[in-house]
Amino acid sequence: MLLAEGLRHAFGAVHALDDVSFTLQPGQTLAVFGPNGAGKTTLLKVLAGLIRPRAGRAQIDGGRRAVGWIGHQPQLYAHLTVRENLRFWGSLYDVPRADLERREADLLSRLGLNEHADRSVRALSRGLVQRVAIARALIHDPRVLLLDEPFTGLDRTAAEEFRRLLAEQAAGGRVTVLVTHNVEEGTELATDVAFMRAGRFVQRAPRQGRGAAEIADAYRRAVTGA
Amino acid sequence: MRLLKTGRWITVVGLSLLAAVYVRALAFTPVERTQGVAQKIFYLHVPAAIWTETGMILVGVASIFYLFLKDPRLDRFAEASAEVGMLFGTIVLTTGPIWGKPIWGTWWTWDARLTLTLLLFLMYVGYLLLRGAVTEPGLRARYAAVLGISGMCLVPFVHLSVYMFRTLHPQPIVLKPSAPSLPGAMLATLAFSFLVFTVLYVGFVTQRYALTLLREQTEPHA
Amino acid sequence: MPENTPYMVTAYIITAAILIGYAVFLYRRTLKP
Amino acid sequence: MPDVWRHAWLLARKDLLIEFRSRTAILSAVVFTILVLLVFNFGRDPTAVAAVDLAPSILWVTFTFAAMLALNRAFQLELENQALDGLLLAPVSRSSIYLGKLMANLVFVATVEGIGLPLFALFFNVSVVPVLGPLCAVIALATVGFVAVGTLFSAMTGRTRFAELLLPVLLLPFMLPPLIWAVLATSALLAGRPLSEVVGWLRLLAAFDIVFVTLAFFLFPATVNE
């Protein structure tokens with residue numbers, strides 16, 4: 001379960017977060033759309049505990065141990081192999097050795113990375129690296145998944161495949177918060193949608209099966225206040 | 001704006017007192033027997049050196065409080081104190097060799113006070129360079145605070161290493177724990193000069209602080 | 001000890017120059033931040 | 001506390017694994033050390049200056065450069081792919097990241113020194129063996145001093161624009177006290193002076209290390225926490 005209550009944060013005079021509150025239950029995926037600089041990444045960083053908010057509270061059951069992060073930067077060590085990366089990040093989250101090996105094998109096969117397991121990350125294509133990033137974010141079986149513009153830098157097919165993997169492997173049974181400025185990419189995954197501008201939720205509503213086009217339209221109306 | 005005015009006033013008072021100290025040191029203080037007239041540089045060199053060091057310690061103290069309180073005023077003060085400290089360091093590093101030449105025959109001597117001031121000067125340069133290299137205000141303030149605290153903690157070690165290294169400096173006349181062996185008149189002039197440098201430090205820091213404040217208000221960052 | 005005088009005079013002038021210079025520098029900078 | 005050390009060791013092992021796999025940095029540092037030793041050797045007129053007089057300075061200039069090389073790259077690995085954010089997300093205390101990086105840097109510099117010292121003794125036929133024990137103590141203590149402060153500063157300069165230039169400027173004043181004591185201790189040792197003279201400098205070096213490792217341990221979080 002994820003709870004955000006009255007979150008406020010500012011960098012000097014710029015208001016990154018202006019009283020943001022919401023709660024998410026397991027299985028829910030909130031997609032947050034907003035222009036660049038609306039405070040989306042700050043929101044994610046506050047939820048993940050990277051930034052201490054000026055006011056308000058962000059609370060995740062299980063604390064930092066239960067948070068997985070996938071961003072446009074894969075947060076992997078290029079010189080290490082895929083397996084070494086997973087082993088290293090897993091051990092940082094104090095995953096016991098036996099579980100670590102089992103989860104590693106399971107993730108590698110589910111994400112189709114078996115034949116790349118012993119290649120160094122540097123040698124992999126952008127699409128494959130994103131898959132390793134998913135594996136890295138799931139190695140410690142997090143209850144909450146935070147996605148910061150994960151589709152950037154992926155071509156159409158890779159993005160499509162990446163979204164499929166996210167839907168199947170990642171989002172199931174977890175609380176997920178996806179942040180992006182590109183409405184098309186985020187809509188399929190979302191169970192709830194929120195529009196954010198200047199650090200505030202201008203609108204938040206369940207998706208109710210609305211397609212990307214409808215959401216984009218609602219987004220334009222909400223953000224421009226038309 | 002009020003701060004700026006007070007800063008200017010204090011500086012004006014400081015500069016006029018400086019003229020008074022010049023007159024007093026040159027005309028009304030007896031000439032020292034062994035070093036002759038060159039000894040009069042002592043009245044400027046020593047107070048400037050004291051404030052160069054005090055400036056660094058104040059930067060360190062302000063930085064410690066900044067890390068706990070995250071109050072931008074402390075960060076602005078630290079920056080101002082560093083810049084003014086470096087200014088006084090320049091005075092020490094120019095008057096020092098000028099004083100050393102006639103007395104010891106060499107422009108640069110590895111004596112305790114000069115080496116210490118040289119190191120302090122390098123720390124100030126590093127501090128201001130670091131501030132210049134980081135644009136994001138919050139990050140810059142935290143980095144500067146970390147460096148400021150480290151700088152302050154280094155000062156005692158510099159004292160240790162410099163005094164142990166062979167020093168040509170005549171035993172520190174005034175700061176000796178036993179009675180200062182400086183005749184009354186000279187000691188009074190030195191105290192007066194120290195007061196002047198204190199006033200100047202306060203005046204400069206206030207103005208420099210107000211300048212940063214003005215700059216932040218006129219073009220707030222995007 | 002007349003031959004020491006030029007050193008002393010130079011030092012005094014430099015110190016005054018630095019202090020007054022910085023005061024003027026600050027004054028001008030605070031006029032247009 | 002044990003967790004801090006365990007996580008630190010994980011981080012250090014990862015750094016060393018990468019370092020000794022790519023080996024470019026360690027080899028270039030060693031070659032650089034040899035180059036500096038050679039330059040001193042040919043730059044000296046053997047008849048005029050006895051090797052022993054110049055030896056301490058040569059040794060410490062070489063080791064200072066080796067330390068500087070290591071420190072310039074200290075956080076390079078973390079900056080690729082934003083791996084540092086990954087570390088900050090993990091339930092790992094910020095100070096253990098510092099300790100891990102400190103250990104990795106110390107091993108790196110110690111390796112270069114381990115190769116540089118015998119070469120130094122060879123090129124300048126300085127009898128190092130009789131005083132090897134205390135000499136290694138001096139080297140170890142001084143190196144910990146440089147690297148402790150250097151690791152803290154490289155965490156800051158790594159992300160600025162001209163990192164390579166800024167680190168030496170920031171570090172220079174902090175290297176001088178340990179350098180002065182190390183050079184004095186080394187020259188006393190090489191000149192065959194009794195051990196009692198050297199103990200004073202060793203104690204100063206130890207004091208410097210304790211103060212600055214502790215200081216860096218508590219200051220490092222401030223460089224990464226927002």
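Analyst: Let us begin with chains B and C: 20 residues of chain C are in contact with 30 residues of chain B, where contact means that the C-beta atoms of two residues, placed from the backbone, lie within 7 Å. This is a predicted model, in which local features need pLDDT of at least 70 and side-chain atom pairs count only at pLDDT 80 or more, while totals for chains, interfaces and linings use all residues. Residues are numbered from 1 along each chain as its sequence is written, and chains are lettered from A and ligands numbered from 1 in the order in which they are written.

User: Which chains share the most contacts?

Analyst: Of the 4 pairs of chains in contact, it is chains B and C. By contrast, no contact joins chain A and chain C, whose closest C-alpha atoms lie 19 Å apart, and chain C does not touch chain D either, the nearest C-alpha atoms being 24 Å apart.

User: How do the axes of helix H6 and helix H9 of chain D cross?

Analyst: Helices are DSSP runs of H or I with at least four residues, numbered from the N terminus, and axes are lines fitted to C-alpha atoms over the stretch in contact, with angles from 0 to 180 degrees between N-to-C directions. Here the axes of H6 (residues 94-123) and H9 (residues 195-224) of chain D come within 8 Å and cross at roughly 110°. The two helices are therefore roughly perpendicular, a term for angles of 65 to 115 degrees.

User: Which residues of H6(D) and H9(D) make the contact?

Analyst: H6(D) contributes D:Arg94, D:Ser95 and D:Tyr98, and H9(D) contributes D:Ala216, D:Phe217, D:Phe220, D:Pro221 and D:Val224.

Technical notes:
Parallel < 35°, antiparallel > 145°, perpendicular 65-115°, else oblique.
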